[in-house]
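Thanks for coming. I will talk through one structure this morning, strand by strand and then pocket by pocket. Please have a look at it before I start.

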Amino acid sequence: MPGIDKLPIEEALEDSPQTRSLLGVFEEDAAAISNYINQLFQAMHRVYDAQNELSAATHLTSKLLKEYEKQHFPLGGDDEVMTSTLQQFSKVIDELSSCHAVLSTQLADAMMFPITQFKERDLKEILTLKEVFQIASNDHDAAITRYSRLSKRRENEKIKAEVTEDVYTSRKKQHQTMMHYFCALNTLQYKKKIAMLEPLLGYMQAQISFFKMGSENLTEQLEEFLTNIGTSVQNVRREMECEIENMQQTVEDLEVASDPLYLPDPDPTKFPVHRNLTRKAGYLNARNKTGLVSSIWERQFYFTQGGNLMSQARGDVAGGLVMDIDNCSVMAVDCEDRRYCFQITSFDGKKSSILQAESKKDYEEWICTINNISKQIYLSENPEEIAARINQSALEAVTPSPSFQQRHESIRPLVQSRPTAAHTSSTGSVGSESATLSALSLDSLVAPDTPIQFDIISPVSEDLPGQAKSSGQTGRRANPFGESGGSKSETEDSILHQLFIVRFLGSMAVKSDESPDIVYETMRQILAARAIHNIFRMTESHLLVTCDCLKLIDPQTQVTRLRFPLPNVVLYATHQENKRLFGFVLKTSGGRVDNRQTSICYIFESNNEGEKICDSVGLAKQIAFHAELVSIFF
């Protein structure tokens, strides 16, 4: 190393301006050394802190890798290969963590300790000596000034002695302090080199030791393991890139294909209605009552699960049961001036829900799906195939009537009484069988291409056959229990009055009235026709059963819609499986053109009261029959 500049200690007593000027240079150098060493100390301390943090983080990483097998991931759990790989990594990283801990200790001893000692001891000593020297120099100057002011005329030996002693003491103190200060500044020129080189030497030695320990731990077996892992990572990366490309292509294809579906009500010609579904899911608006007349609509996700209708709010883990839709009924309804509304009524009629679909396609598919589920088609092995076969058979067998007026012009019956006893053997509820059942075929029951009537005629607009147009009947509100104010109703003398809520499904002419199969076949054709031709609306009425007749009464206006004379009701039955469906055959005389007798089968849906209605009709006929016998013999 080149020679080191020094302050001349021998000239400290002389204290010449040149010496003071050289001292100022050394003081500036000491201040620069102090500033630089502080910065270097901060940098090395950051290295030391980072190494401590790295050691702690490495240890934590190893600990977390060991705990991987204890984690419960919703996806990708029980991956034994991944678990064993991470365990191997955990062992290696744990060893590296130990090496990092050793490196932290070595950095503390070999790097941080020397530079800290120089900063805290040597540099602070220079500052202290500088302050002491400055005080001593000031005291010496003051003593010299007082000594110079001594008077030459009136000499005071005592004052002179004191001033002389003060000069002696202050000069001695300044000289000694100055010499120590010069020595410290000269020594600083050596210590600054040691203070910078020794920590760097310790840092490099600690790093070399760390790398040696790492080299010993990274054996050839570990290198092979790392090579295999690197190959696996590259394979996974290639698979990911391929999957990303496929997903991007899928997204582009779906964007193009789904563009028409962004409309809330897509074109039905491009997206036909699927009527053979036995499962359906999607968002619906549900009507929930909040008071007697107020209600709110809530949008939820609905789906079918077997024979159950489920709903699930956004964010819920699982869905909840809405209702059991086995043997349920579903129909279109008008609700609060909203489109695409339909109502589902449970089997027992105790629970119902009004839902709104987003589009006409969803609206029709939901109704068809619930109809298919209500028939329990989903329990078969190929439910959609069976549903398609049933719908196709119904499509081939049924042609609905385009005009309600044409339907009734040809079969307008006139009410004529028939002997009640002559047909009591052919009437009955579900379970009754005819002796000629095996001889009847479908064509002998219902003629092919028979038109179907899906609505009923109000007496306000049509002169119904079998209904005398009197002031007490047509256009007048009738009390279903025969209490009509001042005039006496025709059913007031009847001892039987039973009222049921029913919904009219349809009616059609039949060829025979001697077997319940007629009612079953008519039910099949009417239900199939409604499903195929999207006829979901049903007119709700009150069915009044008396000993004289059956009446369909408007529940709001109490106007009698249709009247069926009881003697003309020759056959009645409920559905063999769905007990809410029932029907009866009405025998009428000829119409206006000819006098041929006509049989018409009317089909209704009730709130789980089909058998009760049939039993009530049977009871009414028995009462009427006994009343007729009493009138004959007595």
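Thr304 has Leu309 as its bridge partner in β3. The two strands involved, β2 and β3 (residues 308–312), pair in the antiparallel sense over 5 bridges; I call two strands paired if DSSP finds at least two bridges between them. Strands (E, at least two residues) and helices (H or I, at least four) are DSSP runs, numbered from the N terminus. In the hairpin of β2 and β3 there are 2 residues between the strands, and Gly306 takes a positive phi near 65 degrees.

Before going on, the basis. This is a predicted model, in which local features need pLDDT of at least 70 and side-chain atom pairs count only at pLDDT 80 or more, while totals for chains, interfaces and linings use all residues. Residues are numbered from 1 along each chain as its sequence is written, and side-chain values use heavy atoms, with hydrogens and water left out.

Ala286 has Glu298 in β2 as its bridge partner. A hairpin through 5 residues joins β1 to β2.

Which sheet do these strands belong to? An open sheet of 7 strands, in the order β4-β3-β2-β1-β7-β6-β5, with antiparallel pairing. At its edges are β4 (320–324) and β5, each of which pairs on one side only. From one strand to the next, the twist averages 40 degrees. At the β5 end, 4 bridges join β5 to β6 (residues 341–345), and these two run antiparallel. There, Ser329 stands opposite Thr345 in β6. Helix α5 packs on this sheet, touching β1, β2, β3, β5 and β6, and its direction makes about 15 degrees with that of β6. Contact here means heavy atoms within 4.5 Å. Axes are lines fitted to C-alpha atoms, for helices over the stretch in contact, and angles run from 0 to 180 degrees between N-to-C directions.

Now the other sheet. This open sheet of 7 strands has the order β11-β10-β9-β8-β14-β13-β12, again with antiparallel pairing. β11 (560–565) and β12 (569–574) stand at the edges with a single partner strand each, so one side of each is left without a neighbour in the sheet. Its twist averages 30 degrees from one strand to the next. Within it, β9 (residues 539–545) and β10 (residues 549–553) run antiparallel and are joined by 4 bridges. The bridge partner of Leu544 in β10 is Lys551.

Which strands does α9 lie across? They are β8 (498–510), β12, β13 (581–588) and β14 (598–606), and α9 runs at about 85 degrees to β8. Helix α10 (residues 610–633) lies across β8, β9, β10, β12, β13 and β14, at about 155 degrees to β12.

Then the helix pair. α2 (residues 80–148) and α3 (residues 157–217) pack at an angle of about 170 degrees, with their axes 7 Å apart. They are therefore roughly antiparallel to each other, the class for angles over 145 degrees. The residues of their contact divide into 31 nonpolar, 14 polar and 11 charged. Nonpolar takes in Ala, Val, Leu, Ile, Met, Phe, Trp, Tyr, Cys and Pro; charged is Asp, Glu, Lys and Arg; the others, Gly among them, are polar.

Last, the pockets. A pocket is an open set of points on a 1 Å grid over the protein atoms alone, where a 1.4 Å probe fits, with protein on both sides within 12 Å along at least five of seven lines; lining residues have an atom within 4 Å of a point. A volume is the space filled by probe spheres set on the points.

The largest pocket has a volume of about 790 Å³. It is lined by 31 residues, and the closest to its centre are Lys375, Met523, Leu527, His575 and Leu581. Two or more lining residues come from each of β5 (329–332), α5 (360–374), α6 (383–397) and α9 (517–532). α9 gives the most, with 7 residues. The lining divides into 15 nonpolar, 10 polar and 6 charged residues.

The second largest pocket holds about 370 Å³ of space. Of its 22 lining residues, the closest to the centre are Gly282, Tyr283, Glu358, Ser359 and Asp362. The elements giving two or more residues are β1 (281–289), β2 (295–305) and α5. The largest share, 5 residues, comes from β1.

Terms used
Angles under 35 degrees count as roughly parallel, over 145 as roughly antiparallel, 65 to 115 as roughly perpendicular and the rest as oblique.
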